[in-house]
Amino acid sequence: MSTEIHSGTDTRVRLAVDVGGTFTDVVLLQGAAKYTAKVLTTPGAPEEGVLAGIGEILQQAGLGWSEVDLLILGTTLATNALIERKGARTALITTEGFRDLVEIGLEDRFAQYDVFLEKPAPLVPRHWRHGVRERVDAAGQVLSPLDEDQVQALARQLVADGIESVAVCFLHGYANPAHERRVRALLKTHAPGLWVSLASDVCPEIREYERLSTICANAYVQPQVAGYLQRLHQAVAARGLRGEAFLMTSGGAITTLQTGIDEPVRLVESGPAGGAVLARQVAEQIGAARALSFDMGGTTAKICFIDDYQPQISRSFEFGRVHRHLKGSGLPIRIPVIEMVEIGAGGGSIARVNHLGVVQVGPDSAGSSPGPAAYGLGGELPTVTDAHTALGAVDPARFAVGKVQLDARLARQALAQGLAAQTGLEVEVAAQAIVDIVTENMANAARVHASELGKSADDSTLIAFGGAAPLHAALLARKLGITRLVIPASAGVGSALGFLWAPVAYQTVRSLHQRIANIDHAAIEALLAELTAHADDVVLRAAPGAPLLRQRTVYMRYAGQGHEIAVDLPEGPFDHAAARDLHERFEARYASLYGRSLPHIAAEAVSWSVAVQAGGRPVPEPDAVPADGDRATPTGTRRVYDTEAATWQDIPVYERTTLRPGQWLSGPALVVEDETTTRVIAGFEVRCSRLGALVLTDVQALSPAGKNREESAALA
């Protein structure tokens, strides 16, 4: 599909590809022209779907591979491998006596009173976890040398066990990586076929459990992700692509292909991060300082808070939560990441009646193969897509740009056999139950995420994108008490579009514990120089010759405390004046967070970080909704089931590409386009912005009558 955009001053041919669990989305920008494509993901060989999507979009644009100036990739391959436990046969080598730390964890209980509590299983089973003799203290001094003979014998055992990838993490390896590096050299000599990941490279920070968990995750996905990236690199080069492809990271930045091969754990949330970047862009354009990003595709839904036009950033996140809404019930990964909550709620989420006789939706998904029953590819279980198909909300002929012809008969059959027969509900009521339940699941996830961050959602603007999000956005907004939501242009491929707005950047961090009162200035200056050189090198490989913006951060605490706060460190040499200024900044920052400082307690720095970005981010073109537009004219009608009225009704359908800035319409209605459908429920009014975004307002909730109804419902 080709459209025109109004902010395109960059005449380069820029391509972005987001490999999702169900669909692979492709976006091409060239000046003011924008092209989009959507193809089914090929799970066994993701590069095949990527190549097919790029080939299709280049044909649309009338371009060849050699004319592409920039290619950016994001993928859920690492995410899916971790969640589905389909990674490599992985072993762990650690300090003797500490191999069970990945199972012991933090020795806490995420559900204190649950006597049947189950913790997530570690990625590496115990019989593949090995301790070797060596010991380094927290200052990096060698207490016991590495037993190299033991490592050589272990190399032979790993090969005999059929191990594919090895995680190496020694106690205090962040302070002195010599033993970890020597193990890698020995393994390369005696077992050259193994992938080897070092914690001192990927996560050189304190806290053994988080470091162990992170490096195990990196090793677990490395063969699969690296193999995919290498195959794709060879394939696009053979087709004539100039230069290498670049990757989206979980922190919302672009990095090199080699970084993705070496540190694939940084790609775990790359697709969702692109969506958050897009939401930030849209929030700036429409002036929404507080926004809630809502990305729903075929497999998962992602929700992210954006304050003052910046997504929430974290140094770590959890994957594979045993209890999806309980913090601490997953395995930690310590990397720079955009803070968001992700649940198994997408178009392919499977609905079933659970052991309590209650309808449950997700978290498992039908994916792209066999997919929902309506795909006609062999799927038999009812899904969210089947529910929308049975209710008439989606056009079977236009689903996913016409790539998949939905069969309403198969959708109704799956609903009848999978839900209606067990619950006694009519097919239409069962379908609406699926829609309501999956929407409530997302609303509940947003509420829990907001409470964890000390925020509320009702004063935010909801920005919805992804193939399935516009179908649920109005319902979700009403459940959360949000009165304004935005469906940006090309919402169906929103995450891929966000890749093209992301900066080229890289962040590196390392722990070096120092008391500020007697800090080693020379050691800190050397560490900062090393971190800066590494980050500069990664960024300049992706953006040769670009001006660099650097941000230095120190993670500090008072002596005796268990966690740190981030304090900015200005550029310049780290001398006595810089140390004094850092101490003052820490106390001011601590007081702003907690209401007081503790000057009688020694301050200490734990970890040091340098983030480097290529150039500045361009200011997005402002968007606005003209107030003098006329009412839009529908292009037709569609029969959609109305649950409240318990009957089928003909509601107006509007073609999104024909809407002009300022035009408005009211619900119930459907706004259709090739990649998605926006369902406008009763009580919402829609206006088209100058740049083509749909701005929905809940006029019913804003009216006095609507407020009274909400207050009565709350009291009830």
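Ala 111 is buried, with a relative accessible area of 14%; buried means under 20% relative accessible area, exposed over 50%, and partly exposed in between, computed with a 1.4 Å probe on protein chains only. This is a predicted model, in which local features need pLDDT of at least 70 and side-chain atom pairs count only at pLDDT 80 or more, while totals for chains, interfaces and linings use all residues. Residues are numbered from 1 along each chain as its sequence is written, and side-chain values use heavy atoms, with hydrogens and water left out.

Ala 111 sits in the loop between α3 (101-104) and β7 (129-132). Helices (H or I, at least four residues) and strands (E, at least two) are DSSP runs, numbered from the N terminus. Apart from neighbours within four places in sequence, Ala 111 is in contact with Leu 117 and Leu 326, where contact means heavy atoms within 4.5 Å. Leu 326 is 215 residues away from Ala 111 along the chain, and the C-alpha atoms of the two are separated by 7.7 Å.

**Nonpolar cores**

A nonpolar core is a set of buried Ala, Val, Leu, Ile, Met, Phe, Trp, Tyr and Cys residues joined through side-chain atoms within 4.5 Å. The largest has 124 residues, and those with the most contacts inside it are Phe 294, Leu 462, Phe 574, Leu 582, Trp 608 and Leu 665. Helix α12 (residues 427-453) supplies the largest share of this core, 11 residues. A second, separate core has 82 residues, including Leu 63, Ala 91, Val 151 and Tyr 209.

Leu 462 touches several residues beyond four places away in sequence, among them Leu 292, Phe 294, Ala 473, Leu 476 and Val 486. Arg 484 is also one of the residues touched by Leu 462.

**Arg 638**

Arg 638 belongs to strand β30 (residues 636-642). Arg 638 is buried yet has no salt bridge, and the nearest side chain of opposite charge, Asp 395, is 4.1 Å away. A salt bridge requires a side-chain nitrogen of Lys or Arg within 4 Å of a carboxyl oxygen of Asp or Glu. For charge, Lys and Arg count as positive and Asp and Glu as negative; His and the chain ends are not counted.

The side chain of Arg 638 does reach the backbone oxygen of Ala 393, at 3.0 Å. Its contacts, leaving aside neighbours within four places in sequence, include Gly 392, Ala 393, Val 394 and Asp 395, as well as Gln 649, Asp 650, Leu 670 and Val 672.

**Cysteines**

The structure holds zero disulfides, a disulfide being a pair of cysteine sulfur atoms within 2.5 Å. For Cys 203, the closest cysteine sulfur is in Cys 169, and the 8.0 Å between the two sulfurs is too far for a bond. Cys 203 is buried at 1% relative accessibility, and Cys 304 is likewise buried at 1%.

**Backbone features**

Two residues other than glycine have a positive phi. They are set out below.

The peptide bond from Gly 667 to Pro 668 is cis, with omega near 5°. Pro 668 is in the loop between β32 (664-666) and β33 (669-672).

Notes:
A polar contact is a pair of N or O atoms within 3.5 Å; within protein, one must be able to donate a hydrogen and the other to accept it, and residues adjacent in sequence count only if both atoms are side-chain atoms.
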